Structures are given as structure tokens and as C-alpha cells.
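Subject: Handing over a structure, with notes

Dear colleague,

I am passing this structure on to you, and I would be grateful if you kept it open while you read the notes below it.

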Amino acid sequence: MTRIHVPIALRWSDLDAYGHVNNARMLTLLEEARIEVFWRGRGASATPLPELHIDEGAQSLIARQEVEYLAQIPHLRDPLDVQLWIGALGGASLDVCYEVCSPEGAEPHVVFARAMSTLVLVDEETGRPRRISDRERALWAPYIEEPVAFRRRS
């Protein structure tokens with residue numbers, strides 16, 4: 001498996017009255033991981049992330065998101081380990097898969113949530129979908145693996 005490990009620190013504002021990460025904030029945590037990989041290319045840690053930048057002149061729009069919550073995330077001092085990979089590459093879209101895990105090296109290892117975001121690439125000028133470029137496809141190919149396996153699907 002070739003997954004990208006993105007450290008994402010929790011903030012007090014991520015917690016709800018019960019003292020765990022609010023379900024709506026999970027989408028923000030996933031967004032931060034996605035931005036680090038596809039737009040910034042560098043994580044908060046000393047270990048550089050792969051630079052899987054989307055080509056200039058393109059935007060990525062969310063077409064669909066699904067999150068399966070497996071365990072409550074308490075406030076943690078160390079960053080979460082958000083594991084990210086590509087579950088599918090289409091013509092103009094890709095499925096970005098995630099597992100939100102306890103901090104790297106923490107015992108026991110806990111998978112708090114699984115998620116998937118479908119991104120559609122669009123041309124900045126026209127706002128219309130555009131095909132994934134050969135450069136993007138070559139960069140992303142090493143990170144393709146089986147899509148996230150949700151426990152309950154309807």
C-alpha cells in the first residue's frame with residue numbers, strides 16, 4: 001500500500017460539548033489533508049509530502065463526500081494521522097480515500113473514521129469539467145489502491 005500520511009493537529013474549536021471531535025468538523029480535517037497533498041505539497045512535519053499538485057488553471061470541486069465514523073476522537077495533543085490515497089481515477093474526476101487514525105506510533109492504533117471525496121477537475125476560466133492531464137495521472141498513479149471499504153452501504 002502506498003498511502004500518504006498527513007499529520008493534522010486538532011484545535012479546541014474542533015471539539016463539541018461532549019469533548020470529542022464534532023462530526024461536521026471531520027470534513028474540515030479531511031479538507032486540510034487534501035489541501036496539503038494537492039495544493040501545498042508539504043506537511044506540518046519534517047517529512048515532506050509528495051507533491052501531487054493539480055495543474056495550473058484547474059480547480060477541484062467536491063462532487064460527493066461520505067464519512068463513516070468508527071470511534072469518537074478525543075482531544076489529542078499529537079496530530080492525527082490522516083492516511084490518504086486515490087481509490088479511482090476517471091476522465092475528469094478522482095476518488096480521494098482517507099482513514100483518520102490515532103497519531104503515528106500511538107498504541108493502540110485506532111481508525112476513527114473512513115471517508116471518500118469525489119473531486120471533479122474544472123477549468124478555472126470556463127468552470128466546465130476538464131480531463132485529468134497526463135502529468136497529473138502519472139503523479140497520482142503510484143497512490144492508487146482499492147477504494148475505502150465502508151462497513152455499511154445502502
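Predicted model: local features only at pLDDT ≥ 70, side-chain atom pairs only at ≥ 80, totals over all residues.

Residues are numbered from 1 along each chain as its sequence is written, and side-chain values use heavy atoms, with hydrogens and water left out.

I begin with strand 4 (residues 93–101), which is largely enclosed by the rest of the structure because 8 of its 9 residues are buried; buried here means under 20% relative accessible area with a 1.4 Å probe, protein chains only, and strands are DSSP runs (E, at least two residues) while helices are runs of H or I of at least four, both numbered from the N terminus. Strand 3 (residues 80–89) runs antiparallel to strand 4 and is joined to it by 8 bridges, two strands being paired if DSSP finds at least two bridges between them. These two strands form a hairpin with 3 residues between them, and A88 stands opposite D95 in strand 4. Strand 4 is also joined to strand 5 (residues 111–123), by 9 bridges and again antiparallel, with V96 opposite S117 in strand 5.

Turning to the interior, a nonpolar core is a set of buried Ala, Val, Leu, Ile, Met, Phe, Trp, Tyr and Cys residues joined through side-chain atoms within 4.5 Å. The largest has 33 residues, and those with the most contacts inside it include F38, L84, L94 and W140. Strand 1 (4–8), helix 1 (23–40), strand 3, strand 4 and strand 5 each supply at least two residues of this core, and helix 1 gives the most, with 6 residues. Apart from this core lies another, of 5 residues, among them W85, C97, M116 and V148.

C97 is placed in strand 4 and is buried, with a relative accessible area of 0%. Beyond its neighbours within four places in sequence, C97 is in contact (heavy atoms within 4.5 Å) with residues including W85, M116, P147 and V148.

Finally, E145 lies in the segment after helix 2 (134–140) and counts as buried, at 16% relative accessibility. The side chain of E145 makes a polar contact with the side chain of R3 at 3.3 Å, a polar contact being a pair of N or O atoms within 3.5 Å, where within protein one must be able to donate a hydrogen and the other to accept it, and residues adjacent in sequence count only if both atoms are side-chain atoms.

With best wishes

How values were computed: Buried < 20%, exposed > 50% of the residue type's maximum accessible area, 1.4 Å probe, protein only.
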